[in-house]
Each structure stands twice: as structure tokens, then as C-alpha cells.
Amino acid sequence: YYFQMNSGEGKIFDDQTARLAAAHAIDREQINLVTDLDVLELASGPFAPGEMGYLEDAGYPEFDPDRARELVAEVEATQGRPFEVTLMTAVGGSTSADQVQQMFEEVGIEVNRQQFEASAFIDQALAGDYDLMLVVNHPAGDPDLQEIWWSSDSPVNLGRIEDPELDALLEQGRVETDEAKRTEIYEDVNRLFGEKVYNLWQAYNRWAVATGPDVYGVLDTPLPDGTPATPNLSAGHSLTSTWISRSS
């Protein structure tokens, strides 16, 4: 999960300096400790360990409140307005957002909060009527599946990212057939996110399937080549091979 910034034209996060200020302001380890009991792994980018494109260090900015304050002052001087953002969450997603609000305000970023039910939250996101929102996205799988969220011509590019370099990398990854070259391409995508800071990464979610002693076939029948039919849980778990024992 992470905080998605709206970098659309006219928004305060259209400025890379503003995005850097926000990233430096957030103590992600503290959020992980307080909100997630320190059990999650902090995310370095959109690709989790074991996925194509993953990097242990993608260049994402470190927590540095003093640097954040310097950048906040620079943004306010350049844009000629206070550094003020609207932070949007869905109902029930406020704990980490509360901490981010406090961290932002400590470096001079004023935060206005908005909270919506799920359907209204999606409507606001699609309309681009926000500055910052708490989201869960980018499930495991081939990284090409994430292209719709970042391509400049995609209707669900919720961050309003307009980046020719990113568009070019996504297109190269889509047409390249050599796995080693594709890996390099998506590692470059990862580094670009670390440099441009289009998202404020937090942590890789953990997913699980609850079961019982009378439930079998939870992991699903593997495909003929031995790979799992359900490679990850975040996009949904298949129950095609699951059955319950009726024995007394």
C-alpha cells in the first residue's frame, strides 16, 4: 500500500520538488511500527521481492525532515502559494493517514482531510479531485499488467502521470521478448519511480486464505507445467479445486 500523489497539471504535486518534500517528510519505519506492528516489509517501488523489476534499493528518498522543510520553503517560493494538500482516504483507512498528516504538518505542509465510502472514493480518484490518497494497488504478476495505471494515455492513470520516459519504458517492456532485457527495462521503471517520486511507497501487503481442517485443495491444482494456477492472492483466489469433507 502507498500514498498516490496527483501530479496533474495545476496540482501542487505537478512539481517534482513538492513530491520530494513529501517523501522526505514521511517516517515509513515509524508508520510500519505503529500501524502494522513492524511485520510488513517496506516497499522500494511497485514490484515486490521475486517479481520482475524488483530492486532492493530503487533510489526512493530517505526520511529527512530537515531536507523536507527546505524543499517546502522552495516550493512555496516557486509556486507562490502555501504548501497545502488534500489527503483522501476510504472509510476505515485512516490510521496511517493520521500519521502522515502529523509528519507533513511538522515540516510545514498543511493537510486537509477527506473521507469517502468506497464508491465515492473511486469517483473522486477517477475525476482527479484530490492531491494525495491512500491506496492498495499493483498486485503481483507480469509488470506489463501495471501499464494501465501509469501510461499517460490511460483513463485509469489516477496519478495523472505525464512522463515520456516512463511511457517509452512501458512500451519497450510490452514488446520485448527477451526475459533478461525485460527485467532490465522494468528495473529502469523502478528507478524512475524512485527518482521522480510519483508515489509515496509504504509497504508490501501480506495476503492469506483462511481455512479449516475439513477444507482441501486450497492451493489449487497446478498447471501442466507445474506452475501454480493462482500465482498470487491479491487479485483474487481461485476455488476451482477447493472442496469440503462431509464425513461425520
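Biologist: Where does A210 sit in this model, in a helix or in a loop?
Modeller: Bear in mind that the model is a predicted one. A210 belongs to no helix here; look for it between strand 7 (203-204) and strand 8 (215-216), in the loop.

Biologist: Is A210 buried or exposed?
Modeller: Anything over 50% relative accessible area counts as exposed. A210 comes out at 80%, so the label for A210 is exposed.

Biologist: How many Å separate A210 and D163 in space?
Modeller: Along the sequence, A210 and D163 are 47 residues apart. Going from C-alpha to C-alpha, the distance in space is 41 Å.

Biologist: Now over to L166: which helix holds it, and is L166 buried or exposed?
Modeller: L166 is part of helix 7, which covers residues 164-175. The cut-off for buried is under 20% relative accessible area. L166 has 0%, so L166 is buried.

Biologist: Which residues does L166 touch, leaving out those up to four places away in sequence?
Modeller: With those neighbours set aside, there are still partners to list for L166. They are W150, I161, V189, L192 and F193.

Biologist: How many salt bridges does a search of the whole structure find?
Modeller: In general, side chains of opposite charge can pair when their charged atoms come close. One of the pairs here is R182 with D142, at 3.0 Å from N to O. For the whole structure, the number of salt bridges is eight.

Biologist: Which parts of the chain does the salt bridge between R182 and D142 tie together?
Modeller: The side chains of these two meet at 3.0 Å, N to O. R182 is in helix 8 (residues 179-196), while D142 is in the loop between strand 5 (132-135) and helix 6 (147-150), so parts 40 residues apart in sequence are tied together. As for cover, R182 is buried at 11%, and D142 is partly exposed at 34%. The parts tied together are helix 8 and the loop between strand 5 and helix 6.

Biologist: Where does the salt-bridge partner of R174 lie?
Modeller: R174 pairs with D144 in a salt bridge of 3.0 Å, N to O. The two are 30 residues apart and link distant parts of the chain, with R174 in helix 7 and D144 in the loop between strand 5 and helix 6.

Biologist: What about D188 and R191: how many residues apart are they?
Modeller: Their side chains form a salt bridge, N to O 3.0 Å. D188 is partly exposed at 36%, and R191 is partly exposed at 39%. Both are in helix 8, about one turn of the helix from each other, and the separation is three residues.

Biologist: Which residues contact Q99, leaving aside neighbours within four places in sequence?
Modeller: Q99 is in helix 4 (residues 95-106). With a relative accessible area of 11%, Q99 is buried. Its contacts are Q30, I31, V34 and T35.

Biologist: Last one: which residues form the negative surface patch?
Modeller: Take D57, one of its members, in the loop between strand 2 (41-42) and helix 3 (65-79). D57 is exposed at 61%.

Technical notes:
Residues are numbered from 1 along each chain as its sequence is written. This is a predicted model: local features need pLDDT of at least 70, side-chain atom pairs count only at pLDDT 80 or more; totals for chains, interfaces and linings use all residues. Side-chain values use heavy atoms; hydrogens and water are left out. Patches are made of residues with over 30% relative accessible area and no salt bridge: like charges are joined within 9 Å, nonpolar side chains (Val, Leu, Ile, Met, Phe, Trp, Tyr) within 5 Å. Accessible areas come from the Shrake-Rupley method with a 1.4 Å probe; for residues, only the protein chains shown count as cover. A salt bridge is a side-chain nitrogen of Lys or Arg within 4 Å of a carboxyl oxygen of Asp or Glu. Lys and Arg count as positive and Asp and Glu as negative; His and the chain ends are not counted. The place of a charge is taken as NZ of Lys, CZ of Arg, CG of Asp or CD of Glu. Helices (H or I, at least four residues) and strands (E, at least two) are DSSP runs, numbered from the N terminus. Buried means under 20% relative accessible area, exposed over 50%, partly exposed in between (1.4 Å probe, protein chains only). Contact means heavy atoms within 4.5 Å.
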